[in-house]
Amino acid sequence: MFYVNEKELNAIATWFDGFVASFQAGSSEEQRNYDLKIEHTRRVMGFMERLTASMDIPSGERALASAIALCHDVGRFPQYRDYGTFNDSLSTNHASLAVKVLKRQGVLDNLAAESRSLLLQAVALHNAFIIPNDLDPELRRLTLLIRDADKLDIWRVMIEYFTATPGERAAAVAWGLPETGACSERAIAEVAAGRMLCRSLLESADDFKLLQLSWVFDLNFAESFAIMDELGYLETIASLLPQQQSCQEAVETVRSFARSRVLSSA
Ligand SMILES: [Fe+2]
């Protein structure tokens, strides 16, 4: 079977707790950044459980999806320790680093080879800008699931970041982009055209918010749209964006796309 049983999932969870506890923070700022990723993982697991519960899939695949959620960001810990940032372009691809950590630590050695391979590939693809369109159906489903579950919690992290006072912020979140109070016209045009923003286009902290918003175009499952709607993410991010007219028009494009997906899944 390609799947994971409860005992195997528990063993990975036990390893995860020990692994994250092994990162010693030298300051409260460092601790805040580690804690952020521990909490993120916990919540991504919660969203994953909710997404898989809404689908007709075997319990073994559900557990494999939970294991992927648990493992997807383990690269964040050595990334932050070694580079002091969560910005992959200034450091290293944290998904590839996660795969290395999982292999080096032998975390998945007891899983069936097929399960291990699916888990590692889904982890490796969780942050890719686009995923190959020739993936096997099972890998494709698991990859889309982790990408949705991840986005559903990254939105929370971003909203908390942008609504916190500077002293309370986990500074590694927004990549140090300048707070210019405006979105760049290039970024706005991409979103208005219904495309997900690519990070190389970002010029300001407000462009970063627009990138978050454009992830709506990359959400896959009906339940994901339902959760996004329930948690009010889109409107909260929209309220944090500048009042620039072109920006508000781009927001409207995202809004109508989301509305069509929520309605079509109702
Ligand atoms: Fe990630």
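What percentage of the 266 residues of the chain count as buried? In this predicted model, the share that counts as buried is 53%.

**View 1. The whole chain and its elements.** The secondary structure comes to 12 helices and 0 strands. Read from the N terminus, the order of elements is α-α-α-α-α-α-α-α-α-α-α-α. The C-alpha trace spans about 55 × 50 × 30 Å along its principal axes. A compact globule of 266 residues would have a radius of gyration near 18 Å, and the chain has 18 Å, so the two values agree. Among contacts in the chain with a separation of 6 or more, 68% are between residues 24 or more positions apart.

**View 2. The surface and the charges of the chain.** The chain has 26 positive and 36 negative charges. The mean position of the positive charges and that of the negative charges are 2 Å apart.

View 3. Three residues supply the protein donors of the iron ion: Asp73 through OD, His94 through NE2 and His126 through NE2. These donors lie 2.1 to 2.2 Å from the iron ion. Along the sequence, the spacing of the donor residues is D-x20-H-x31-H.

View 4. Val20 is located in helix H1, made up of residues 6-21. Is Val20 buried or exposed? Val20 has a relative accessible area of 10% and is therefore buried, the cut-off for buried being under 20%. Leaving aside residues up to four places away in sequence, Val20 touches Ile38 and Phe77. Lys37 is 17 residues from Val20 in sequence, and the C-alpha to C-alpha distance of this pair is 9.3 Å.

Terms used:
Residues numbered from 1 in each chain as written. Predicted model: local features only at pLDDT ≥ 70, side-chain atom pairs only at ≥ 80, totals over all residues. Heavy atoms only, no water. Donors = N, O, S within 2.8 Å, 3.2 Å for Na, K, Ca; no water. Helix = DSSP H or I, 4+ residues; strand = E, 2+ residues; numbered from the N terminus. Rg over C-alpha atoms; globule rule 2.2 N^0.38 Å. Buried < 20%, exposed > 50% of the residue type's maximum accessible area, 1.4 Å probe, protein only. Contact = heavy atoms within 4.5 Å. Lys, Arg positive; Asp, Glu negative; His and termini not counted. Charge placed at Lys NZ, Arg CZ, Asp CG, Glu CD.
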